[in-house]
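Please open the structure in your viewer and prepare to select residues by number.

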Amino acid sequence: MGVITYDMEVPCSIPPARVFKASVLDADTLIPKIMPQAMKSVETLEGDGGAGTIKLITLGEGYAYKTLKHRVDAIDKENFTYSSSVIDGAELMDKFESISYHTKIVPGPNGGSIYKIRSIYETKGDAQVTEEEIKSGKEAASVLFKALEAYLLANPDA
């Protein structure tokens, strides 16, 4: 088994508390509204949104897989941190034991924020992950976050 870790930072002009609310607390309804091509819907299967909550995510058209299950591992509303894991779904593509994400939103310049995410992929056996696959995942996350920022700028009450 191998472990692949990558870190990504995306600057944002929106303050951390508002980014956290939109990207974590309201994400289940907001992301399908902003980017239905990426995520059609999110359904809570178990839990109240806190640690241990299990969610079924239905992905948009064009994905090789339709759904995946995420588990909320930790959420800290005071420090703007959130951790989750993919626990079931074709995203695992027979390559991964587990996939986890650790997000932290910190103050950035001029009242904005920096969205920091660490993704950890634990591969099965000798499975290999290409640079292209990693690059594709980073680009998708960045596009989604920038779409969220554009939405928040256009909708100050959101």
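This predicted model holds one cavity of 30 Å³ or more. The volume of the largest cavity is about 40 Å³. To find it, select Arg18, Lys21, Ala22, Asp26, Leu30, Leu152 and Ala158, the residues that line this cavity. Which helix supplies the largest share of the lining? Helix α1 does, with three residues. By class, the lining of the largest cavity comprises four nonpolar and three charged residues, with no polar ones.

Next, select helix α1, residues 16-25, together with helix α3, residues 131-154. These two helices pack at an angle of about 115 degrees, and their axes lie 11 Å apart. The crossing of α1 and α3 is right-handed. Which residues make the contact? On the α1 side, select Arg18, Val19, Ala22 and Ser23; on the α3 side, select Phe145, Leu148 and Leu152. Five of these contact residues are nonpolar, one is polar and one is charged. Arg18, Ala22 and Leu152, named here in the contact, also line the largest cavity.

For the last stop, turn to the second largest pocket, which has a volume of about 180 Å³. Select Val24, Leu25 and Asp28, then Thr44, Asp48, Gly49, Gly50 and Lys55, and finally Ile75, Lys77 and Tyr82; together they line this pocket. How many residues of each class are found in the lining of the second largest pocket? Four are nonpolar, three are polar and four are charged.

Key:
Residues are numbered from 1 along each chain as its sequence is written. This is a predicted model: local features need pLDDT of at least 70, side-chain atom pairs count only at pLDDT 80 or more; totals for chains, interfaces and linings use all residues. Side-chain values use heavy atoms; hydrogens and water are left out. Axes are lines fitted to C-alpha atoms, for helices over the stretch in contact, and angles run from 0 to 180 degrees between N-to-C directions. Helices (H or I, at least four residues) and strands (E, at least two) are DSSP runs, numbered from the N terminus. A crossing is left-handed if the near helix is turned anticlockwise from the far one by less than a right angle, and right-handed if clockwise. Contact means heavy atoms within 4.5 Å. Ala, Val, Leu, Ile, Met, Phe, Trp, Tyr, Cys and Pro count as nonpolar, Asp, Glu, Lys and Arg as charged, and the others, Gly among them, as polar. On a 1 Å grid over the protein atoms alone, a cavity is a set of points where a 1.4 Å probe fits but cannot get out, and a pocket is an open set with protein on both sides within 12 Å along at least five of seven lines; lining residues have an atom within 4 Å of a point. Grid points are joined across faces, edges and corners, and a volume is the space filled by probe spheres set on the points.
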